Amino acid sequence: MAPGEQVRSQGPLPLSVVLGRADDVAVTVRGQRLDVSAMTKANVARFEVK
C-alpha cells in the first residue's frame, strides 16, 4: 500500500484481520480508533472484528 492509502472491508462477522507493519498503521472500527498495540507481536497485529 502507498502512504495514506485507505482500505475498507466488510462482510459477515466476525472478520479476522492480520496487519503487517502494525506500528505504521491506523485502524478504525465503526468510527472509533482501535489501538492494536496489545494485539501485536513481531510488528504483526492479529484481531477479530465482532
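How many helices and how many strands does the chain have? It has zero helices and five strands, where helices are DSSP runs of H or I with at least four residues, strands are DSSP runs of E with at least two, and both are numbered from the N terminus. Keep in mind that this is a predicted model, in which local features need pLDDT of at least 70 and side-chain atom pairs count only at pLDDT 80 or more, while totals for chains, interfaces and linings use all residues. Residues are numbered from 1 along each chain as its sequence is written, and side-chain values use heavy atoms, with hydrogens and water left out.

**Overall build**

- Starting at the N terminus, the elements simply read β-β-β-β-β.

- Three strands make an open, antiparallel sheet in the order β1-β5-β4; two strands pair if DSSP finds at least two bridges between them.
- At the edges sit β1 (15-20) and β4 (40-41), each pairing on one side only.
- β1 and β5 run antiparallel and are joined by six bridges.
- Val18 has Arg46 in β5 as its bridge partner.

**The core**

- Buried residues (under 20% relative accessible area, against over 50% for exposed and partly exposed in between, with a 1.4 Å probe and protein chains only) make up 12% of the 50 residues.
- Ala22, Val27, Val36, Ala45, Phe47 and Val49 form the largest nonpolar core, meaning a set of buried Ala, Val, Leu, Ile, Met, Phe, Trp, Tyr and Cys residues joined through side-chain atoms within 4.5 Å.
- Strand β5 (residues 44-49) gives this core its largest share, three residues.
- Beyond its neighbours within four places in sequence, Ala22 touches Val36, Thr40, Asn43, Val44 and Ala45.

**The salt bridge**

- There is one salt bridge in the structure, defined as a side-chain nitrogen of Lys or Arg within 4 Å of a carboxyl oxygen of Asp or Glu.
- Arg21 and Asp24 form a salt bridge, with their closest N and O atoms 3.3 Å apart.
- Arg21 is exposed at 56% relative accessible area, and Asp24 is exposed at 53%.

Technical notes
Contact = heavy atoms within 4.5 Å.
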